[in-house]
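The tour below says what to select at each stop.

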Amino acid sequence: MKKYFKIYSLLLKNAFSRDAHYRADTIMHWATHVIWLGMLYILVDVLFRHTNVVAGWDKASVFFLMNIFILSQQIFLFFFRDNLWQIPNTITDGRLDQYLVTPANTIFLLVSKQISLRATGRILTQMILLIWLVVHYNLIPSIMSGIILFFLVILGIIVQLAHGMILNTLSFWFLRIDNIHEAWFWFAQAGKYPLTVLPKTLWVATYTILPIAYQNFIPVGVGLGKLDLSFIGVSLLYTIGLSLLAIQFWHLGLRRYASASS
Amino acid sequence: MSIIEVQHLSKTYEYYRKQAGLLNSVKSLFHREKLFTEAVKDISISINEGELVGFLGPNGAGKTTTLKMLSGILYPTKGTATVLGHTPWKREPTFQKQFALVMGQKNQLWWDLPAMESFLLNKEIYEVPDADFTKTLDELTELLDIKHILDIQVRKLSLGERMKCELAAALLHSPKVLFLDEPTIGLDVVSQNNIREFLKKYNREKKITIILTSHYMDDVAALCERVVIINFGQLIYDGSLRALLDKHVDHKIIEMTFTEPVTKTKLQKFGRIKEWAEQRAILEVPKIEVKTVATDILRELPVDDILINEISVDDVIRNIFSAHRKR
C-alpha cells in the first residue's frame with residue numbers, strides 16, 4: 001500500500017509539472033464549464049417557474065441533484081476519466097506492453113497515470129455552489145445524512161470507474177469502442193435528473209439492468225431522505241460486485257491481448 | 001547455468017480478412033472470414049546466465065513475438081517457458097523486478113517531463129532502495145554520458161539521447177535479464193555505436209543476460225557470440241556467429257583498382273565477377289584459393305590497389321533467409 005501511495009504522490013507531482021505548461025487551456029476549460037453550468041441552471045429555473053414540485057422534487061433538490069452529479073463527474077475527471085479514455089488506444093497500439101512488464105498493478109497504473117488538474121477550477125466552482133445550496137435551502141436534514149451522502153457519492157465514483165473499465169476492456173475484442181463509450185456517457189447523463197419521475201418499470205431499470213442510478217441519483221435520493229435507506233446496502237453490494245466483475249473481465253480480456261507489431 | 005528455458009513455444013494470432021471497397025465493408029458487417037497466422041512455431045532454446053544472444057530474422061519472422069512471450073506480455077498458444085525460474089505470463093512481481101524490456105519503437109519515459117522524473121517513478125515501482133538507486137543512477141549516467149540531459153524534457157532530446165535514457169530507466173533496478181527489441185532502430189551511426197559499446201561493457205561488467213533483436217547486422221556482429229535465427233516463426237539456426245559464418249561463407253571478396261583498363265575476359269579466369277568497370281573490379285573467390293589468386297592477380301594485372309574482404313554478415317544472413325524461403 002505504501003508503495004502505491006508513493007507512486008501516486010509522484011504522479012500527482014508530475015501532473016503539476018505538466019499542467020503548469022497549459023495554464024491557458026485550464027482557464028478556457030473552466031470558463032466554458034461556467035457558461036454551460038449557467039445555461040443548465042437557467043433551464044431548470046424556467047421549468048420551476050411553471051410548477052413547484054415534480055414527482056416530489058422541488059427546485060432546490062433538483063439543483064442539488066444536478067450539482068452533486070456534476071461535482072462527482074469532475075472529481076472522476078480529475079482522477080480517472082482521461083486515463084480511462086486512453087485505454088482503447090493503449091491496447092490497440094501496443095503501449096500496454098510497458099504496463100504489463102512492470103511490477104505494479106496494471107489497472108492501478110492505467111487509471112492513475114495522468115491526473116487532470118485542469119478539473120480543479122470546476123471542482124471548486126461546484127463545491128462553492130454546493131455549500132451555497134445546502135446553507136441557503138437547508139437541504140441536508142442531519143449530519144448522518146451528510147455522511148451517508150458522502151459515502152454513497154464515493155461509491156458512485158467507484159461505480160463510474162468500474163463501468164468505465166468494463167467498457168474499455170471491450171477493446172480487447174473490438175478495435176473501436178468509442179461509439180459504445182459515447183453512448184454510455186450520454187445515457188449516464190440522465191442520472192443528473194430525478195429518475196423517480198420515470199414510469200416505475202423504467203425507474204427500476206435504472207438500478208438493475210441499466211444501472212445509471214448508482215452514480216448520483218441514489219446517493220442524493222438517500223441523502224435527502226427521498227429514497228429508502230435499504231439503497232445503501234444495495235449500492236454497497238452493487239459497487240463491490242461490479243468492481244470484482246471489472247477486474248475479472250480485464251483479466252479475461254488480457255488473455256486476448258495481441259500487442260502490436262513493432 | 002540455464003536462466004531461460006523455452007520448450008516447444010508456439011503463438012498463433014487470429015485476425016479477420018477484410019477486402020477493400022464499400023460493398024465488401026457492408027458484407028463484412030454480416031460475415032467475416034477468420035484467419036490464423038502462426039507467428040512462432042515450436043521454438044525450443046536454452047540460454048545461460050550472462051550470455052548475450054542475438055535474435056535474427058526478417059520482418060514478421062516471430063522475433064518480437066518470442067520476446068513478448070518471454071517477458072510475459074503475451075500468452076503462448078502452446079509450449080512452456082521459464083525465465084529466472086518463473087513462468088513469464090504469470091506476471092509475478094518477483095519476476096518482473098528481475099528483468100527489463102526495452103523496445104526501440106516504444107517509449108516508457110514520460111514525454112512531457114525530464115527523464116529524471118521517470119527514473120524516480122521507476123524507483124518507486126521497482127522499490128529500489130535510496131542508496132542503490134543513487135549508486136546505480138551514477139554508474140549509468142556516467143557510462144551512458146547523460147548526466148547533462150537528465151533535467152531536459154524528454155520530447156526535446158534527440159533520438160539517440162532518448163534511447164540512452166530509456167536504457168538507463170530500464171536498468172535502474174539492476175535486472176538480471178534484459179530484453180532488447182531493436183534498440184538502435186532509427187539511430188545515426190555514432191549513436192548506434194555508443195549504444196553497442198555501452199551494452200558490451202554493461203554485459204561484461206554486470207554479467208547480465210541479454211537477448212537482442214535487431215535488423216542491423218552490425219549490432220549482432222559487434223555484440224553477440226551466439227545467434228538464434230528465426231524465419232516464418234521457425235528456428236532455423238541456434239549457435240555461434242562464427243560457426244554460422246564458417247559454415248555459410250566459402251568465398252572471399254577481392255576488390256581491385258588498376259592503373260590502366262582491364263577487360264572482363266582477362267578477369268574471368270580469377271573468379272566470379274561481381275562488379276566491373278574499366279579500372280575497377282570486384283571478384284568473388286573461393287576462400288581456400290584466395291592467396292594464390294591474389295598472387296596471380298598481382299603478377300598478371302596492372303594493379304594499383306587490392307583489398308581482400310570477408311563477405312558481409314548481412315549478405316550471409318540474407319542468403320540463409322532466401323535459401324529457407326525457397327525450401
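Helices (H or I, at least four residues) and strands (E, at least two) are DSSP runs, numbered from the N terminus. This is a predicted model: local features need pLDDT of at least 70, side-chain atom pairs count only at pLDDT 80 or more, and totals for chains, interfaces and linings use all residues. Residues are numbered from 1 along each chain as its sequence is written, while chains are lettered from A and ligands numbered from 1 in the order in which they are written.

Select chain A. Its secondary structure comes to 11 helices and two strands, in the order α-α-β-β-α-α-α-α-α-α-α-α-α along the sequence. Its C-alpha atoms fill a box of roughly 65 × 45 × 35 Å along the principal axes.

Now select chain B, which has 12 helices and 13 strands. Its C-alpha box is roughly 70 × 60 × 45 Å, again along the principal axes. Of its 327 residues, 38% are buried (20 or more other C-beta atoms, placed from the backbone, within 10 Å of the residue's own).

Next, select B:Ala168, B:Phe179 and B:Ile211. These have the most contacts (C-beta atoms within 7 Å) inside the largest nonpolar core, which has 116 residues. A nonpolar core is a set of buried Ala, Val, Leu, Ile, Met, Phe, Trp, Tyr and Cys residues joined through C-beta atoms within 7 Å. Helix H3 of chain A (residues 59-92) gives this core its largest share, 14 residues.

Stay on B:Ala168. Beyond its neighbours within four places in sequence, B:Ala168 contacts B:Phe119, B:Leu140, B:Thr141, B:Leu144 and B:Ile146.

Finally, select B:Met256, B:Phe270, B:Ala294 and B:Ile297, which are among the nine residues of a second, separate core.

Key:
A residue is buried if 20 or more other C-beta atoms lie within 10 Å of its own, exposed if 12 or fewer, and partly exposed in between; C-beta atoms are placed from the backbone. Two residues are in contact if their C-beta atoms, placed from the backbone, lie within 7 Å.
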